[in-house]
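This report describes how the chains of one model meet and how selected elements within them are arranged. Please consult the sequence and the structure shown below while reading.

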Amino acid sequence: MTMWTTEQRQRVYVEHETLQREGFTQFSVYQNKDNDTYYASGYATSNSGRRYGLHITIPSGYPHARPMMYVTDPLPLLMSDGRKLASLGLSHYMHTLEPSSNGMVQICHWREARWHSGIMLFKVFLKGHLWIEAYEQHLATGRNLSEFVGTMAETA
Amino acid sequence: MSTNDPQQQMIRDAMQAIAQRKPGKTKLVYDKTKRTIVAVAEGSQTPRALNITADDADMFAVITISSVWLRQKWPQLLAEGSVRCHFSSWDDGDALTQCNLGPLPSASVVQAAITLAGGGASVADITLRIDLKPIKKAEATPSDFVAPDGTSYRASGSNSEQSVSTIFADVKPELATRRSGILETTILADKSVLLIGLGTGGAHVALELAKCGVGRFALVDRDRLSVGNVVRHPGGISQVGRFKVHVVRDLIFEKNPDAAVATHVLDLNFASKEELKKLIAESSVVVCGTDNRPSKLLVNQLCVEANVPAIYGGAFRRAFGGQVLRVRPKVSPCHQCFVAAMPDEASDVEISSSSDAADIAYSDLPVAVEPGLSLDVLPIANMVAKLTLTELLKDKPTTLRTLERDYDAPWYLWLNRPEPATPYSDWPPLSESSDEMTINRWYGIYFDRNTECPVCGDFLSNIAKNYGLNLDNFAVPQSAVGATPMPVPTED
């Protein structure tokens, strides 16, 4: 069982409220009462109108430890050539990290070496949105996703 | 000791014969022309006169014995007439150093016995014998050994080949004397420094602090010394394979045998947080020499919580320069303030090992290992050591107190070279730069502490205030396992 400090619980509460107040109402932070863990999830809609499920696993070391963001839907997520995107694993050119064991693509929002506790979840979801738009450009052109996320600079 | 120089051998034989009062084939005479003592070798048609200088006195082998050890063993010596001990034999027997003096013995160790006034008749199987004879107080010199009862003893040592001269080393006061001009002898003895990360920089900092007389160290690192490390690390090739904490511990003992050194082979992550928290709470100051952001931020969080000052040092890629951040919790910017204010500077790190590279590499984009030179890392390590010393001496009545005035900035920048593709690439040469920024100079730089920092500021309360949230009621929507709104990722 994870031992969350009061400050951590306050932080996830603030994250949830910030999502609602900053226009990310399609996302929420949830508490898993059974095992006292937290996650954030919701559906993002791309400019083309497609829906993508995004799930953020909130680690026990949060906010000092980096949360992980997965694309839960569609599953599997395919590349333009029909291969499973998750099969690439840790990919610089597709901005992905190690996938989950059930094949969900993990989006590289901030790498471990760039993460810090000042980054809030609404920014992580924002990067998820950017990644989805770049992914759809990849589907349309076959070019690497990294070519479309030049603005997704790892600064914060 | 042996020598291949026949001239040196003649001098040595002559001096030894005189020292032992034996008739020999070589004798010493006064040369009126040269106004010096010369050794004359008999048997040669033209007697060879050899100049003897003060340096030739060093031709005798030297035995060094720990006075502290001998005082501890004195009751046994009085009771039994002899005590046994071991000596490192260096340079083919030229120097015989008691193993008790330090942690790193020679590859050749000899058995010895110290006897009292020719006693200890049963002493056998020894290579070296040192006999102590009492001398009158009036004849005693500072080089004689003073027993616990105040009596002075003079040593005469010998092995099977030669006479040897004996030195009694009173390590603690002798080391303190060398520091006393600038550092009061005991001022750092009760100070405790936690060093996290013992690479080239961290190890160097540890040794400099040991030389200054810091009395207590806690060392944290997860790695072993590899062959590749040796070109930069103070640990040598004979130490390869050992954990760096143990290598550095022994190097500290070589410089400060009275230091208390605790070692912790520890991987720095959230799993080891509680252990690290305990170590930080016991420290006067923390030196963080790790080369990745997550570990630095973890140390920062725990140091701010414990209100312990911390110094963070790091080299830029290929050590073209480096930076040092000194954090005084709630007073100066913390490391979190730093990464938020200057993300690029905070992210420029040296990739000095394959494990560092693997940590940040992608499967389709490897990262090259690009370590810098030791001589480019050491200026940064020196600054870390200096700032650590300043923290340890803070508010103490010492000569170095004046450093507090000079080291008042939170962040220090150093450039070894104007690296291409960096903001420093067009810095002018040293010869044209009396009033411009150049390489090889320290720059102390101010930046403000972030009062809304999530580590040292009021991050949550500020957001709560802006959104009108009540932090006492921190519930979020609940979702039981299996009833989540979408499939969830699973971990192995």
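## Interface between the chains

In this predicted model, 48 residues of chain A are in contact with 41 residues of chain B, where contact requires C-beta atoms, placed from the backbone, to lie within 7 Å. Two or more residues on the chain A side come from each of α1 (6–21), β1 (27–32), β3 (51–58) and β4 (68–73) of chain A. The greatest share, ten residues, belongs to α1(A). Helices (H or I, at least four residues) and strands (E, at least two) are DSSP runs, numbered from the N terminus.

By class, the chain A side comprises 14 nonpolar, 25 polar and nine charged residues. Ala, Val, Leu, Ile, Met, Phe, Trp, Tyr, Cys and Pro count as nonpolar, Asp, Glu, Lys and Arg as charged, and the others, Gly among them, as polar.

On the chain B side, B:D364 lies in the loop between α10 (354–360) and α11 of chain B and touches A:S91, A:H92 and A:Y93. B:D364 has 15 other C-beta atoms within 10 Å and is therefore partly exposed; 20 or more would count as buried and 12 or fewer as exposed.

## Sheet of chain A

An open sheet of six antiparallel strands runs in the order β1-β2-β3-β4-β6-β5 in chain A, with pairing defined by at least two DSSP bridges. Because β1 and β5 (96–97) of chain A each have a single partner strand, one side of each is left without a neighbour in the sheet. Three bridges connect β4(A) with the antiparallel β6 (residues 105–107) of chain A, and A:Y70 is opposite A:Q106 in β6(A).

Helix α1(A) packs on the sheet against β1, β2 (37–45) and β3 of chain A, its direction making about 155 degrees with that of β1(A). Angles run from 0 to 180 degrees between N-to-C directions, with axes fitted to C-alpha atoms, for helices over the stretch in contact.

## Helix packing in chain B

The axes of α4 (residues 200–212) and α11 (residues 374–392) of chain B come within 8 Å and cross at roughly 45 degrees.

## Conventions

Residues are numbered from 1 along each chain as its sequence is written, while chains are lettered from A and ligands numbered from 1 in the order in which they are written. Local features need pLDDT of at least 70 and side-chain atom pairs count only at pLDDT 80 or more, whereas totals for chains, interfaces and linings use all residues.

Conventions:
Contact = placed C-beta atoms within 7 Å. Lists of a residue's contacts leave out its neighbours within four places in sequence.
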